[in-house]
Amino acid sequence: MKKTIIIGSGLSGLSCAHYLDKKKFDVKIYEKESYLGGRVATEDVNGFKCDVGFQVLLNNYEEVKKIGVYDKLDLKYFNSGASIYNKNKNLNLYNPFYHPIKFLQSNLLKILTLSDMINLFRLFISSKLKEKKVGELFQNRFTNKSQKLFLNPFFKGIFLSKDLNTDTNFFLKIFKKFALGKASLPSNGMNILPKTIAENSKLDISFDSEVDKVKNNKVYFKNGETEVFDYLIIASPIHNISQMTEIDTKMDYNENKTIYLSSDKNRLNKSILLVSDDYETNSIQCLTNISKSYSSNNLNLYSLSSLNTKATDDKLINEFKEIMELDSKDISFVKSYTIKEALPASKTKIKSKKNIYFCGDWMEEPSIDGALKSGRKVANKLNQI
Ligand SMILES: Cc1cc2nc3c(=O)[nH]c(=O)nc-3n(C[C@H](O)[C@H](O)[C@H](O)COP(=O)(O)OP(=O)(O)OC[C@H]3O[C@@H](n4cnc5c(N)ncnc54)[C@H](O)[C@@H]3O)c2cc1C
């Protein structure tokens, strides 16, 4: 048996551990935090479940299917489509694949022109685009109205990218996934996803074990302990790799700020409310309308997501009050998360070095599916040794 260490219990590390051949590899995961899941974390705050940064799980991710946990997550679904906050009146846009009649009856023509609809359909059947970046694609092919009301807030929110500097190949994949799938939350919070993978595969994880450095087949922990290894997989975000090894590597990350607020007033349905660029707020959702378990009392839990980590809580809460038409007395602050390194802004590769391998969303694509895939690919490579 080869002694195999994985650094990081995010989805990429868990996926790698899941797929490694346990007859060949004795696998142990070391995680610096006291919880597993990395960027897919959920915190209990005063009776509310707060995902550490609002995110959703699509029900048609290939890698989540492959790892076999969808049916254990008790998924609760958002409405397929979006609501759009537009000068005091919300417009609704339904997904034509799920709600063809509602799609036609909705505020369609207030959001999209006929040419926008044709261009969306063209994108749906495209496999490659001449434009390299999403911002350029939208500007070339869509009207200002559709960009402002729908395309910009929707896709900026998905890629957490203020300038939509995202690669169009990744865009095409995600656009089709959203069109054909549904956005959901596990009923008990996003962290149930990594937890279920770890429990199903009976993974051995040591928490509060921060790796300081890696040298000569040995891992040195911050607490002074050491472990030797035959194989090492570093499944951490890219900036942590340069801290642990002598590999000099850097990457820009897109950021996110998520604020949780509670209220006894229920202002939203099951849709994600998109907010235009005139505001610092990108989207608002009432999580308890999706899953009642996000609150253990009778209050509604809202999350507000912004792409600007410099926007103050006060500013965002004031926008929330304006958009939701609520007074200060109607809402209570629950929690605010500022995530500087939320999503890798691009993709890179670090080649394996002798017995040291790397995985993470930064190597594949910035998503749950990308992280799982990168871990599976490393495991497959090692299983062939
Ligand atoms: C705000 C936000 C919104 C998102 N929205 C979506 C979405 O809607 N849909 C979607 O598909 N994806 C979304 N994502 C992306 C998705 O969550 C990530 O791509 C994925 O979780 C990354 O997994 P990972 O394993 O690559 O990295 P991480 O989850 O970052 O895992 C790395 C792990 O390594 C550990 N670690 C680091 N250094 C050390 C060390 N020295 N010693 C020990 N352990 C260490 C970390 O603590 C962490 O647990 C979102 C992410 C964020 C933050």
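**Figure 1. Close-up of Ser263 and its polar contacts.** The backbone nitrogen of Lys265 lies 2.9 Å from a polar atom in the Ser263 side chain. The side chain of Ser263 also reaches the backbone oxygen of Asp330, at 2.9 Å. Ser263 belongs to strand S15, which covers residues 253-263. Ser263 counts as buried because its relative accessibility is 1%, and buried means under 20%. This view, like those that follow, shows a predicted model.

Figure 2. An oxygen atom of the ligand is 2.7 Å from an N or O atom in the side chain of Asp361. For Ile368, a polar backbone atom is 2.9 Å from an oxygen atom of the ligand. For Leu11, a polar backbone atom is 3.2 Å from a ligand oxygen atom. On its own, the ligand has 1000 Å² of accessible area, and the protein covers 95% of that area.

Figure 3. Which element gives the most to the shell? Strand S19 does, with three residues. In total, 38 residues surround the ligand. The closest are Ser12, Glu31, Arg39, Tyr61 and Asp361. Sorted by class, the shell has 18 nonpolar residues, 14 polar residues and six charged residues.

Figure 4. Ile6 lies in strand S1, formed by residues 2-7. Is Ile6 buried or exposed? With 0% relative accessibility, Ile6 counts as buried. Ile6 and Tyr30 are 24 residues apart in sequence. In space, the C-alpha atoms of Ile6 and Tyr30 are 6.2 Å apart.

**Figure 5. Close-up of Asn217 in a loop between two strands.** Asn217 is found in the loop that links strand S11 (211-215) and strand S12 (218-221). The phi angle of Asn217 is near 55°, a positive value in a residue other than glycine. Asn217 is partly exposed, because its relative accessible area is 36%, and partly exposed residues fall between the limits of under 20% for buried and over 50% for exposed.

Figure 6. Lys354 sits in the loop between S19 and strand S20 (356-358). The phi angle of Lys354 is near 50°, which is a positive value in a residue other than glycine. Lys354 has a relative accessible area of 78%, so Lys354 is exposed.

**Figure 7. Close-up of a nonpolar patch on the surface.** Which residues form the nonpolar patch? Phe97, Tyr98 and Leu180 form the patch, and together they have about 290 Å² of accessible area. Leu180 is in helix H8, which spans residues 168-180. At 46% relative accessibility, Leu180 counts as partly exposed.

Notes:
Residues are numbered from 1 along each chain as its sequence is written. This is a predicted model: local features need pLDDT of at least 70, side-chain atom pairs count only at pLDDT 80 or more; totals for chains, interfaces and linings use all residues. Side-chain values use heavy atoms; hydrogens and water are left out. Patches are made of residues with over 30% relative accessible area and no salt bridge: like charges are joined within 9 Å, nonpolar side chains (Val, Leu, Ile, Met, Phe, Trp, Tyr) within 5 Å. Accessible areas come from the Shrake-Rupley method with a 1.4 Å probe; for residues, only the protein chains shown count as cover. A salt bridge is a side-chain nitrogen of Lys or Arg within 4 Å of a carboxyl oxygen of Asp or Glu. Helices (H or I, at least four residues) and strands (E, at least two) are DSSP runs, numbered from the N terminus. Buried means under 20% relative accessible area, exposed over 50%, partly exposed in between (1.4 Å probe, protein chains only). A residue is near a molecule or strand if one of its heavy atoms lies within 4 Å of it. A polar contact is a pair of N or O atoms within 3.5 Å; within protein, one must be able to donate a hydrogen and the other to accept it, and residues adjacent in sequence count only if both atoms are side-chain atoms. Ala, Val, Leu, Ile, Met, Phe, Trp, Tyr, Cys and Pro count as nonpolar, Asp, Glu, Lys and Arg as charged, and the others, Gly among them, as polar.
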